[in-house]
Amino acid sequence: MRRKSSVLAAALAVVAALLPTSTAAGAATPDGASAQAAKGGIVWAPCQEEPSAECGTLTVPIDWSRPQGPTIDLALARRRATDPAARIGSLVINPGGPGGSGVEAAYGAPGFFTEELQKHFDIVGFDPRGVGRSHPVICSASLYNQMPYAVMTSQADFDRWSAYARRLRQDCRARTGPLYDHVDSANVARDLDAIRAALGEEKLTYYGISYGTLIGQMYAELFPGRIRALALDSNMDHSLGVKAFLDTEAAAVEDAFDEFVAWCDQESACALHGQDVRALWERLLAKARGGRLYYPGVTDRPMTEVQVLWQGVLGTEGPAWQLLSEMLRALDGGPLPEWVPPPPGRQPVTGEVAELPTTILCEDYDLQVRNYQEYAALLRSSRRLAPDMRLNPMPIEDLPVCLGHPTTNPQHRLRYRGSAPLLLGNSIHDPSTPYVWSADVGRQLGPKAVLLTYEGWGHRIYGKDECSTVPIDNYLISLTVPPHGFRCPVGGRAGATVKRQPELWPTDRLPWGGPADG
């Protein structure tokens, strides 16, 4: 497969000049605070939703600077090690988001992790504070459903969004309560240490994907001496200012789209093989701008241009190129695929309340822009880096929600002072967490961090190939790290047999495993 890396290289070149300078995350939890929170312990019982797993809760303070203050209960789920004689301890996992459910990730662990890993660890997932079963950030559904279109085109749009974001924040804060101001990833890292203590583990063994890597990074900063193994798959880069963040996201999603187009050009299996894919793509975007494009099964409102762009993200995250080609063909008037994914992007909600995990991003990343002029310049920069995709819809949908929002865990370069080796991983063609992010995080963490480069596609590398999976297993089980500069080619062997995972089309509201394509 040919590779187009010019936009990624261009984005990498500007990152250094755009990095903000900031102080580190707040001071570590006082000694004993984690143990104190863990005194109540976790009472495990069969999960109602998944009786083959165990569920429990752990009480933690809302504000870790006031350990005796008000509390919330974190929801956890556990699958015990399949070979008690080989058990090493607990592996705590998080699937990302923000908003992903670690409880559901634990439910799905047998279909995700290798049998070898499951032999050695109790796999424990938790819903982070503000998410799912752990006191979610909630807002009035009626107000949530008034959310303006994500992409602003004028100062009037900017003013409208700023006013709306302020009203939304006030509403969500009132409905969520005091926790609303304490859902950033540094606080989640403190919760993670309380979970470690409650599980009876002297040191933490952790695997996180995507936004779950930010939790791990904050843990490495705050508790460097309490790490046994930290495997961070497809990393966030918490050092990036708003322009570098949007530029690298745009470059990455354009690169992933280029790879899809190259596959369609070469492979007869592509539903668009022999067609001008870029011309079809432009045709769909134009129809969406004109209000003339409808998602299959959704007849009450036309698709937006951002929803078309979401196709390019979700179809390249797996990657699910075959399904993406069939979906684009269907949107252009062709037959429907056997399985039609749920409509992408933000959707209207029913009921009285809506969950808003974007609040977590707002507290972790200062994404402020002063006015429409500055915002428009950011969009122009994204467009230069992504002529087909224009922009990455994920941060563009989140940015206006964060306008005026206090950032409690602002961006900064990581400082890791521990002795335990850390393992990072990323694919070269990741549309959601660009490869340059993991590379930069590796540099920030220093020589103790090793980056495993998967020379393939998609978001997440565990389960993609033997040589992108077995090294992670070996690290978590035996603390063996691959050499610096280790690269895993597509189809690469690693001396063990790993079941290759099916091609998936992820959605916001599904756990790790959605319906398989084909």
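**Exercise 1. State how many cavities of 30 Å³ or more a search of the whole structure finds, and describe the lining of the largest cavity.**

Step 1. The structure is a predicted model, in which local features need pLDDT of at least 70 and side-chain atom pairs count only at pLDDT 80 or more, while totals for chains, interfaces and linings use all residues. Residues are numbered from 1 along each chain as its sequence is written, and side-chain values use heavy atoms, with hydrogens and water left out.

Step 2. The search of the whole structure gives 3 cavities of 30 Å³ or more, a cavity being a set of points, on a 1 Å grid over the protein atoms alone, where a 1.4 Å probe fits but cannot get out. The largest cavity holds about 80 Å³ of space, where a volume is the space filled by probe spheres set on the points, and grid points are joined across faces, edges and corners.

Step 3. Lining residues have an atom within 4 Å of a point, and for the largest cavity they include Asn94, Pro128, Ser185, Tyr211 and Ile360. The elements that give two or more residues to this lining are α7 (185-198) and α8 (211-222), and α8 gives the most, with 3 residues; helices here are DSSP runs of H or I with at least four residues, strands are runs of E with at least two, and both are numbered from the N terminus.

Step 4. By class, the lining of the largest cavity has 6 nonpolar, 6 polar and no charged residues, where Ala, Val, Leu, Ile, Met, Phe, Trp, Tyr, Cys and Pro count as nonpolar, Asp, Glu, Lys and Arg as charged, and the others, Gly among them, as polar.

**Exercise 2. Describe the second largest pocket by its space and by the classes of its lining residues.**

Step 1. About 470 Å³ of space lies in the second largest pocket, a pocket being an open set with protein on both sides within 12 Å along at least five of seven lines.

Step 2. Of the 20 residues that line this pocket, Met147, Thr304, Arg346, Gln347 and Pro348 are the closest to its centre, and the lining divides into 13 nonpolar, 4 polar and 3 charged residues.

**Exercise 3. Classify the aromatic pair of Phe245 and Trp437, and locate its two residues in the chain.**

Step 1. Rings of Phe, Tyr and Trp (its six-membered ring) pair if their centres lie within 6.5 Å, with planes under 30 degrees apart counted as stacked, over 60 as edge-to-face and the rest as tilted; by this rule there are 16 aromatic pairs.

Step 2. With 5.3 Å centre to centre and 25° between the planes, Phe245 and Trp437 form a stacked pair. Phe245 belongs to helix α9 (residues 242-266) and Trp437 to helix α16 (residues 435-445), so that the pair links distant parts of the chain, 192 residues apart.

Step 3. Phe245 counts as buried at 3% relative accessibility, and Trp437 is buried with a relative accessible area of 1%, where buried means under 20% relative accessible area, exposed over 50% and partly exposed in between (1.4 Å probe, protein chains only).
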